[in-house]
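User: I have a protein model open and would like to go through it step by step. Could we begin with pockets?
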Amino acid sequence: MGGACGYGNLYHQGYGLANAALSTALFNDGASCGQCYLIICDVGRSDMCRPGTAITVSATNFCPPNYNLPNDNGGWCNPPRPHFDMSQPAWLNIGIYQAGIIPIVYQQVKCWKEGGLRFTITGFNYFQLVLVTNMAGSGSIKSMSVKGTNTGWIPMSRNWGANWQSLAGLVGQCLSFAITSNGGQYIVFQDVIPAWWQFGQTYSTWQQFDY
């Protein structure tokens with residue numbers, strides 16, 4: 001729950017139990033939030049695997065480094081080591097509980113979601129913080145802009161995790177978003193938030209990413 005991507009309640013946001021915290025090498029300062037990874041225990045390197053199994057997890061958190069320990073003995077999330085700190089239910093799909101840590105092979109894969117993107121707006125006055133959730137395709141955002149009824153396109157910047165910020169006076173305006181995914185797909189979400197929007201509300205769309 002919670003975590004460095006900002007998704008909050010993972011059940012409500014649709015990420016469920018198949019999730020993981022990523023090490024520094026994979027987290028990419030939050031740019032990897034929402035990405036999906038297929039993970040298989042490497043049976044050639046460990047007898048603590050569940051052979052013939054695999055699990056796809058979403059990146060929902062950051063596993064911080066511990067520089068007091070070596071990266072092969074406790075400091076599993078230290079750079080440059082790629083590491084997934086998985087939820088226990090996800091872990092038990094591929095590994096024996098007593099192992100604690102197992103060698104894996106992994107690959108980033110397409111995310112599949114039901115419905116379209118969701119936008120949650122928090123902040124105040126001239127500061128909008130927009131959390132983007134339920135993103136399919138590559139699962140993560142490369143760039144994002146916002147447009148009000150009375151403005152042109154305003155570039156947004158990543159504040160933290162999957163939260164993007166704008167320092168503009170947009171209260172009382174209908175909002176549109178333009179997003180480029182890390183897979184390179186560009187979509188305009190035209191007038192997806194009505195002019196009477198309020199901070200703290202979430203707005204759903206029907207549009208979704210393929211890559």
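User: What volume does the largest pocket have?
Analyst: In this predicted model, the largest pocket has a volume of about 410 Å³. A pocket is an open set of points on a 1 Å grid over the protein atoms alone, where a 1.4 Å probe fits, with protein on both sides within 12 Å along at least five of seven lines. The volume is the space filled by probe spheres set on the points, which are joined across faces, edges and corners.

User: Which residues are closest to its centre?
Analyst: They are His-83, Phe-84, Ile-101, Ile-102 and Ile-104, out of 18 lining residues; a lining residue has an atom within 4 Å of a point.

User: Which strand gives the most to that lining?
Analyst: Strand S4 does, with 3 residues. Strands are DSSP runs of E with at least two residues, numbered from the N terminus.

User: New topic: is Gln-13 buried or exposed?
Analyst: Gln-13 counts as buried because its relative accessibility is 15%; buried means under 20% relative accessible area, with a 1.4 Å probe and protein chains only.

User: What does Gln-13 touch?
Analyst: Leaving out residues up to four places away in sequence, Gln-13 touches Tyr-7, Arg-118, Leu-131, Thr-133 and Asn-134. Contact here means heavy atoms within 4.5 Å.

User: Where does Arg-118 stand?
Analyst: Arg-118 stands opposite Ser-204 in S14.

User: How should I read the numbering and values?
Analyst: Residues are numbered from 1 along each chain as its sequence is written. Local features need pLDDT of at least 70, side-chain atom pairs count only at pLDDT 80 or more, and totals for chains, interfaces and linings use all residues, while side-chain values use heavy atoms, without hydrogens and water.

Terms used: Helices (H or I, at least four residues) and strands (E, at least two) are DSSP runs, numbered from the N terminus. Buried means under 20% relative accessible area, exposed over 50%, partly exposed in between (1.4 Å probe, protein chains only). Two strands pair if DSSP finds at least two bridges between them.
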